[in-house]
Amino acid sequence: MTSRQLARLVQDAAVAKKARDVVIIDLRKKSSMADFFVIAEGDTDRQTRAIADGIREAARDKGIRPFHVSGEADGAWILVDFIDVIVHVFLPGERAFYDLESLWQAEPMTELVRTRARAGGG
């Protein structure tokens, strides 16, 4: 699976758990740390944990396991590191404070995909 395919898989898994404002940022021309960031938001710490769990489950179903996971204890900012794809699942206040989207938009974006979970199941 390519890093782009993994980013899409993560995006779909986050949306399936009702994540809001799921954004894929293409970092390939900006940084060597990863190919993509996937940023998502949940309303509560319980939801951020469910989103992160759903992402790990979807990846595991494809035989992919994260290198590292952190932030689950408080659920305000959960990071799931798949090496080439780094996933950030935030509570709204944390997302606004760290504002990764603005930080990485210093140069023109090559890929930015916004997906909103629809109310009422999908």
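## Strand pairing

Ala40 stands opposite Val89 in S5. The model is predicted: local features need pLDDT of at least 70, side-chain atom pairs count only at pLDDT 80 or more, and totals for chains, interfaces and linings use all residues. Residues are numbered from 1 along each chain as its sequence is written, and side-chain values use heavy atoms, with hydrogens and water left out.

Strand S2 has two partners in this account. Six bridges link S2 to S5, and the two strands run parallel. Five bridges link S2 to S1, in antiparallel fashion. On that side, Asp26 has Phe36 of S2 as its bridge partner. Strands count as paired when DSSP finds at least two bridges between them.

## Overall fold

The chain has four helices and six strands. Their order along the sequence is α-β-β-α-β-β-β-α-α-β. Both kinds of element are DSSP runs numbered from the N terminus: helices are H or I of at least four residues, strands are E of at least two.

Of the 122 residues, 44% are buried. Buried means under 20% relative accessible area, exposed means over 50%, and partly exposed lies in between (1.4 Å probe, protein chains only). The accessible surface is about 6500 Å², and carbon and sulfur atoms hold 50% of it. Areas come from the Shrake-Rupley method with a 1.4 Å probe; for residues, only the protein chains shown count as cover. Among contacts with a separation of 6 or more, 59% join residues 24 or more positions apart. Contact here means heavy atoms within 4.5 Å.

## Strand S2

Six of the six residues in S2 are buried. Phe36, Val38 and Ala40 point one way. Phe37, Ile39 and Glu41 point the other way, and they too are buried. In a regular strand, side chains alternate between the two faces of the sheet.

## Nonpolar cores

The largest nonpolar core holds 24 residues; Val38, Ile55, Phe82, Val85 and Val87 touch the most other members. Two or more residues each come from H1 (3-16), S1 (20-26), S2 (36-41), H2 (45-61), S4 (77-81) and S5 (85-90). H1 gives the largest share, six residues. Another core, of 11 residues, lies apart from this one; its members include Leu27, Ile39, Leu100 and Trp104. Such a core is a set of buried Ala, Val, Leu, Ile, Met, Phe, Trp, Tyr and Cys residues joined through side-chain atoms within 4.5 Å.

Val87 touches Val10, Val38, Ile55, Ile78, Leu79, Val80 and Phe82, leaving out residues up to four places away in sequence.

## Helix H1

H1 has 14 residues, which at 1.5 Å a residue should span 20 Å; its end C-alpha atoms are 20 Å apart, in agreement. The expected span is 1.5 Å times one less than the number of residues. Ser3, Leu6, Ala7, Leu9, Val10, Gln11, Ala13 and Ala14 are the buried residues of H1. Just after this helix, Lys18 takes a positive phi of about 70°.

His88 sits in strand S5. His88 is buried, at 4% relative accessible area. Its side chain makes a polar contact with that of Trp77, at 3.1 Å. A polar contact is a pair of N or O atoms within 3.5 Å; within protein, one must be able to donate a hydrogen and the other to accept it, and residues adjacent in sequence count only if both atoms are side-chain atoms. Beyond four places in sequence, His88 also contacts residues including Phe37, Ala40, Leu79 and Leu100.

Glu94 belongs to helix H3 (residues 92-98). Glu94 is partly exposed, at 28% relative accessible area.
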